[in-house]
Amino acid sequence: MRRAAVAVATTAMAVSLAACGSAKESDGGSDSSDSAAKKGDDIKVGLLLPENQTARYEKFDKPMIEKKVKELTNNKGEVVYANAKQDASLQNQQVETMITNKVDVMIVDAVDYKAIAGSVKKAHDAGIKVVAFDRLAEGPIDAYTSFDNVTVGKTQGEALLKALGDKAKDSQIVMMNGSSTDPNAAQFKEGAHSVLDGKVKIGREYDTKEWKPENANANMQAAISALGKDKIDGVYSANDGMAGGSITALKRAGIKDIPVTGQDAELAGVQRIVTGEQYMSVFKSYPKEAETAAEMAVALAKGESLDSIANDKVDSATTKGVPAVIVPVVSLTQDNIKETVIKDGFYTIDEICTDKYKAACDKIGLK
């Protein structure tokens with residue numbers, strides 16, 4: 001699964017992992033040592049994250065990147081942080097501020113992968129390297145790290161079919177996809193459809209604005225109204241937040257005990273998995289992704305090659321042969337909570353099994 005070769009084509013963009021030998025074809029500055037002056041440990045890293053509604057950004061990504069930058073620079077490197085709160089225009093302004101403040105490199109998780117392209121170009125023109133983090137932004141980016149997003153969708157779809165079992169072919173589901181401004185959402189959807197199409201009936205499908213749980217809740221209410229509460233057998237939800245919003249609507253309508261997927265292994269999502277309200281989530285190693293982004297950023301800021309870090313290449317709609325690291329994913333269910341989020345230090349059993357969830361934890365042997 002590690003660094004599997006993937007070809008992804010969507011209407012919004014195309015991403016392909018190619019052989020490392022394509023480095024000379026890159027427009028993304030794959031040989032950073034040629035275009036950046038050598039610097040020491042006293043570097044400034046701009047970190048731009050897209051929103052603060054999803055728990056991962058503030059809980060995992062930000063502190064992990066800050067910690068790794070410090071480790072790699074003998075505590076001399078500085079991380080300048082900005083969160084766009086799901087506002088693409090604000091994020092563009094934040095990039096402008098980073099350029100004005102003369103950061104040496106930026107790590108950017110784009111709110112809107114197309115809208116950020118102009119700002120990435122401005123950074124490039126100012127001699128500032130850009131690492132696309134989690135989402136493949138357009139523009140002349142210099143490096144990229146994320147997960148195999150098509151595989152994420154396939155993992156979710158396969159889990160949903162497994163939960164439906166022999167009844168899948170006679171079942172009807174609702175698909176709750178992510179935001180249309182997020183290129184990852186299109187890839188999750190592509191992966192899910194590649195597994196689900198022809199195996200189960202898709203009664204309703206939504207692209208959920210800004211990934212917000214409340215928007216997923218409204219979409220699910222509309223699906224229940226259109227299909228009937230006895231005609232929904234499962235839910236494909238692209239992440240845990242939307243799974244929570246969908247489950248709230250299902251419970252309000254009296255719909256229980258149907259499988260719902262998710263992604264991100266958020267604490268609330270893991271707790272819903274413990275109780276059986278949510279069937280699965282996709283566990284992604286945020287430490288690996290965050291550490292890789294930090295390693296890339298520090299190397300680029302120092303004018304060093306990425307050859308020892310990035311073993312893959314990706315193409316965006318605007319930049320070819322971008323050095324990349326693709327991190328593998330795992331299907332998280334009741335059966336492997338200990339082997340995933342607990343083993344990797346995401347949560348402790350006490351954090352998951354609070355008084356409200358203790359009986360459910362005991363029932364599945366999580367203690």
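Asp257 is exposed, with a relative accessible area of 78%. This comes from a predicted model. Asp257 sits in the loop that links helix H7 (240-252) with helix H8 (267-275). Its backbone also stands out: phi is positive, about 60°, although Asp257 is not a glycine. As a rule, most residues other than glycine have a negative phi.

Asn75 also has a positive phi, near 65°, and is a residue other than glycine. Its loop runs between helix H1 (55-72) and strand E4 (78-83). Asn75 counts as exposed because its relative accessibility is 58%, and the cut-off for exposed is over 50%.

| Residue | Phi | Relative accessibility |
|---|---|---|
| Asn75 | near 65° | 58% |
| Asp257 | about 60° | 78% |

Now the interior. In soluble globular proteins, nonpolar side chains tend to be buried together. Which residues touch the most other members of the largest nonpolar core? They are Ile107, Leu196, Met220, Ile337, Val341 and Ile352, in a core of 85 residues. Helix H9 (residues 286-301) gives the most to this core, contributing 10 residues. A separate core holds 23 residues, including Ile99, Val108, Ala132 and Ile326.

Neighbours within four places in sequence are set aside here.

Definitions and conventions. Residues numbered from 1 in each chain as written. Predicted model: local features only at pLDDT ≥ 70, side-chain atom pairs only at ≥ 80, totals over all residues. Heavy atoms only, no water. Helix = DSSP H or I, 4+ residues; strand = E, 2+ residues; numbered from the N terminus. Buried < 20%, exposed > 50% of the residue type's maximum accessible area, 1.4 Å probe, protein only. Core = buried A, V, L, I, M, F, W, Y, C linked by side-chain atoms within 4.5 Å. Contact = heavy atoms within 4.5 Å.
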